[in-house]
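Here is the note you asked for on this chain. Please read it with the structure open.

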Amino acid sequence: MVLTPEEQENIRKTIVEKVQEEFGITGRLRTEIVERGFFLKGRPPMLPVETKRQRVNMLSAVSSQDTMNQQRLIRFMERLIRVSKQKVFLILDNLNVHHGKLAASWLEKHKDKIEVFFLQPYAPEYNPDEYLHHSLKISVHTGQQPYTREDLCHKIHLFMRKL
């Protein structure tokens, strides 16, 4: 399913309105992307993402766990709402774990403290985390290549500390 630019703008406005209503703020939310480059006029900026993979999971932070599952997602969301004094608005991509029954039932029980929005499927160019992942992959694959999982985790931690 591909959304038209108008549908994307409507979704963005809905999220902004909910955040403004919840927090009583006005103005614009920062939506610029850190990566810089040149793109064709009238086209969305897109950076190619390499398909070669090493298995390290990230929730905009490094996780040394082997796989992402619903229990880890729920623990992450529990920590988010525990440290937040206001309602949390979480934007997720369409990993199948994010749509699981356990996560959905947990979200239903905590809908007064957290609300989740999903990015459209197959649209990494709209996901700011993909730009982080792209920069991370470039950093990891420059210089000496990591040969072990420990080397890989070390290079990732070094990159994330520089942010």
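The points below go from the whole chain to single residues.

1. **Confidence.** This is a predicted model. Its mean pLDDT is 76, and 72% of the residues reach 70 or more. Take care with residues 29–35. There pLDDT stays under 50, and the model has 5 contacts beyond four places in sequence for this stretch.

2. **Overall layout.** The chain has 5 helices and 4 strands. Along the sequence they run α-β-β-α-β-α-β-α-α. Of the 163 residues, 31% are buried. Take the contacts with a separation of 6 or more: 68% of them join residues 24 or more positions apart.

3. **Helix H2, geometry.** H2 covers residues 70–83, which makes 14 residues. At 1.5 Å a residue the helix should span 20 Å, and the end C-alpha atoms are 20 Å apart, so the two values agree. At the start of H2, Asn69 places a side-chain oxygen within 3.2 Å of the backbone nitrogen of Gln71.

4. Which residues of H2 are buried? They are Gln70, Arg72, Leu73, Ile74, Phe76, Met77 and Ile81. Their cover includes strand S3 (88–92), helix H3 (101–109) and strand S4 (114–118).

5. Ala103 sits in helix H3. Its relative accessible area is 0%, so Ala103 counts as buried. Gln70 is 33 residues away in sequence, yet the two C-alpha atoms are 6.0 Å apart. Beyond its neighbours within four places, Ala103 contacts Gln70, Leu73, Ile74, Val97 and His98. Gln70, Leu73 and Ile74 are also among the buried residues of H2.

6. **Salt bridges.** How many salt bridges does the structure hold? It holds 2. As background, side chains of opposite charge can pair when their charged atoms come close.

7. **Glu115 and Lys87.** These side chains form a salt bridge, with N to O at 3.3 Å. The pair links distant parts of the chain, 28 residues apart: Glu115 is in strand S4, and Lys87 is in the loop between H2 and S3.

8. **Lys111 and Glu108.** In this salt bridge the closest N and O atoms are 2.9 Å apart. Lys111 counts as exposed because its relative accessibility is 51%, and the cut-off is over 50%. Glu108 is partly exposed, with a relative accessible area of 48%.

9. **Lys155, please check.** Lys155 belongs to helix H5, residues 149–162. Lys155 is buried but has no salt bridge. What is the nearest side chain of opposite charge, and how far away is it? It is Asp151, 9.1 Å away. Not counting residues up to four places away in sequence, Lys155 touches Ser139, Val140, Thr142, Gly143, Gln144 and Pro146.

10. **Where to look.** One is residues 29–35, with pLDDT under 50. Another is the Glu115 and Lys87 salt bridge, at 3.3 Å.

Definitions and conventions. Residues numbered from 1 in each chain as written. Predicted model: local features only at pLDDT ≥ 70, side-chain atom pairs only at ≥ 80, totals over all residues. Heavy atoms only, no water. Helix = DSSP H or I, 4+ residues; strand = E, 2+ residues; numbered from the N terminus. Expected span 1.5 Å × (residues − 1). Buried < 20%, exposed > 50% of the residue type's maximum accessible area, 1.4 Å probe, protein only. Contact = heavy atoms within 4.5 Å. Polar contact = N/O pair within 3.5 Å; in protein donor to acceptor, adjacent residues only side chain to side chain. Lys, Arg positive; Asp, Glu negative; His and termini not counted. Salt bridge = Lys/Arg side-chain N within 4 Å of Asp/Glu carboxyl O. pLDDT = per-residue confidence, 0-100.
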